[in-house]
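Please consult the sequence and structure shown below.

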Amino acid sequence: MAEKLSPWCKKAKIAMIQKDIGVSDMAEKLGNNRSYISSVLNGRVVSPPIRKRISDYLNITDDDSCSDD
């Protein structure tokens, strides 16, 4: 059975939907490849620096709290 996404992963995906931003577009803007960004968003790769960059890009907090911004 697949593991649940962290609150940050969920928050990032929701922000992407609300802002109509695709993984490929975000990867290009951040200067990373699409598969790496996808792995971070899905919790398969833990990288605090890229997570911070994604959070800043999406204007969300870089934590795993369940509260909304």
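What percentage of the 69 residues of the protein chain count as buried?

## Overall architecture

In this predicted model, 32% of the 69 residues count as buried. The secondary structure comprises 4 helices and 0 strands, and the order of elements from the N terminus is α-α-α-α.

When contacts between residues at least 6 apart in sequence are considered, 53% of them join residues at least 24 apart.

## Nonpolar core

The largest nonpolar core contains 16 residues, and those touching the most other members are Trp8, Met26, Ile37, Leu41, Ile54 and Leu58. At least two core residues are supplied by each of α1 (7-18), α2 (23-30), α3 (34-41) and α4 (48-58). The largest share, 5 residues, comes from α1.

Leaving aside residues up to four places away in sequence, Trp8 touches Val40, Leu41, Arg51, Ile54, Ser55, Ile60, Thr61, Asp62, Asp63 and Asp64.

## Isoleucine 21

Isoleucine 21 lies in the loop between α1 and α2. Its relative accessibility is 19%, and the cut-off for burial is under 20%; isoleucine 21 therefore counts as buried.

Beyond residues up to four places away in sequence, the contacts of isoleucine 21 are with Met16, Met26, Tyr57 and Leu58. Isoleucine 21 and leucine 58 are 37 residues apart along the chain, and their C-alpha atoms are separated by 8.9 Å.

Technical notes: Residues numbered from 1 in each chain as written. Predicted model: local features only at pLDDT ≥ 70, side-chain atom pairs only at ≥ 80, totals over all residues. Heavy atoms only, no water. Buried < 20%, exposed > 50% of the residue type's maximum accessible area, 1.4 Å probe, protein only. Contact = heavy atoms within 4.5 Å. Core = buried A, V, L, I, M, F, W, Y, C linked by side-chain atoms within 4.5 Å.
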